[in-house]
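Try each task before you read its solution.

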Amino acid sequence: MNFGPEVAVVGGAGAFLAWAVRGKSASVLARSRWRGPRDRAAIALTFDDGPSEETPRLLEALARHGVPATFFQCGANVERLPAVAREVRAAGHEIGNHSHTHAMFCFQSAKFMETEIRRAQEAIGEHTGAVPAWFRAPFGVRWFGLEGAQRRNGVGGVMWTVIGYDWKAKAEEVAARVVPRVENGAILCLHDGRELRARPDIGVTVEAVQRLVPLLLDRGYTFETVSRLLCPTNSSNAF
Ligand SMILES: [Zn+2]
């Protein structure tokens with residue numbers, strides 16, 4: 001039997017769908033930004049899955065260097081730790097939406113995704129007063145209908161330029177992976193929580209930030225929130 005062409009076509013379609021769902025630069029299923037402009041030495045540090053009991057450690061590390069970040073919070077974590085969520089905002093960081101329950105959007109309905117985003121938007125608004133402008137899909141997974149679900153919630157999609165694998169790597173590995181990949185406009189993705197887990201160990205993330213931030217400041221990069229990095233009036237270049 002010859003499976004050649006058919007398998008190649010199915011394999012190609014499968015690979016395309018996998019890229020559309022997970023690819024950081026894919027905008028097939030929902031438009032998402034994955035980097036800022038290349039004409040300025042500005043980058044954005046982002047943290048997903050918080051707030052957690054450990055988030056204040058990270059806030060301290062960021063405060064030491066005076067750099068802002070963007071925290072993509074899960075609504076359920078905000079409801080569990082509203083005071084920590086407020087502390088993030090009070091420290092001057094931006095708050096983004098990372099869904100309510102950190103659900104996997106693969107094979108879910110548009111209604112499901114819309115509700116996940118709306119519940120997080122409401123929890124963040126109620127407890128911090130912030131109205132997130134950006135949504136980062138849990139696991140970076142986009143699905144059919146997400147575009148409308150984002151639009152109806154008034155949020156834009158954001159992926160990342162570099163992801164640190166800080167939930168499974170050692171701090172020095174995270175730094176070694178991230179630093180060489182940083183360029184103008186890079187959006188870095190780390191985690192101040194671990195999905196909805198209570199009291200997660202984010203020691204690797206805190207240590208990685210302590211290594212990364214001074215190094216990148218030394219190289220002349222400035223840190224900006226996602227909204228500032230992606231604001232078109234901050235750049236002379238369309239991108
Ligand atoms: Zn996440």
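**Exercise 1.** How many residues of the lining of the second largest pocket are nonpolar, how many polar and how many charged?

*Solution.* Keep in mind that this is a predicted model. Start with the lining itself: Ser-27, Arg-31, Ser-32, Arg-33, Trp-134, Glu-147, Gln-150, Arg-151, Val-155, Gly-156 and Gly-157. Next, sort these residues by class, remembering that Gly counts as polar. The lining then divides into two nonpolar, five polar and four charged residues.

**Exercise 2.** Now describe the largest pocket.

*Solution.* Begin with its volume, about 390 Å³. Then look at its lining of 19 residues, where Arg-22, Phe-139, Trp-160, Ile-163 and Trp-167 lie nearest the centre. E2 and strand E8 (187-191) are the elements that each give two or more residues to this lining. By class, the lining holds seven nonpolar, five polar and seven charged residues.

**Exercise 3.** Which residues coordinate the zinc ion?

*Solution.* The donors are Asp-49 (OD), His-98 (NE2) and His-102 (NE2), at 2.0 to 2.1 Å. Along the chain they follow the spacing D-x48-H-x3-H. Asp-49 lies in strand E2 (residues 42-50) and His-98 in the loop between strand E4 (94-97) and helix H5 (110-128), so this pair ties together parts 49 residues apart in sequence. Finally, check accessibility: Asp-49 and His-98 are both buried.

Notes:
Residues are numbered from 1 along each chain as its sequence is written. This is a predicted model: local features need pLDDT of at least 70, side-chain atom pairs count only at pLDDT 80 or more; totals for chains, interfaces and linings use all residues. Side-chain values use heavy atoms; hydrogens and water are left out. Donors are N, O and S atoms within 2.8 Å of the metal (3.2 Å for Na, K and Ca); water is not among the atoms, so sites may look incomplete. Helices (H or I, at least four residues) and strands (E, at least two) are DSSP runs, numbered from the N terminus. Buried means under 20% relative accessible area, exposed over 50%, partly exposed in between (1.4 Å probe, protein chains only). On a 1 Å grid over the protein atoms alone, a cavity is a set of points where a 1.4 Å probe fits but cannot get out, and a pocket is an open set with protein on both sides within 12 Å along at least five of seven lines; lining residues have an atom within 4 Å of a point. Grid points are joined across faces, edges and corners, and a volume is the space filled by probe spheres set on the points.
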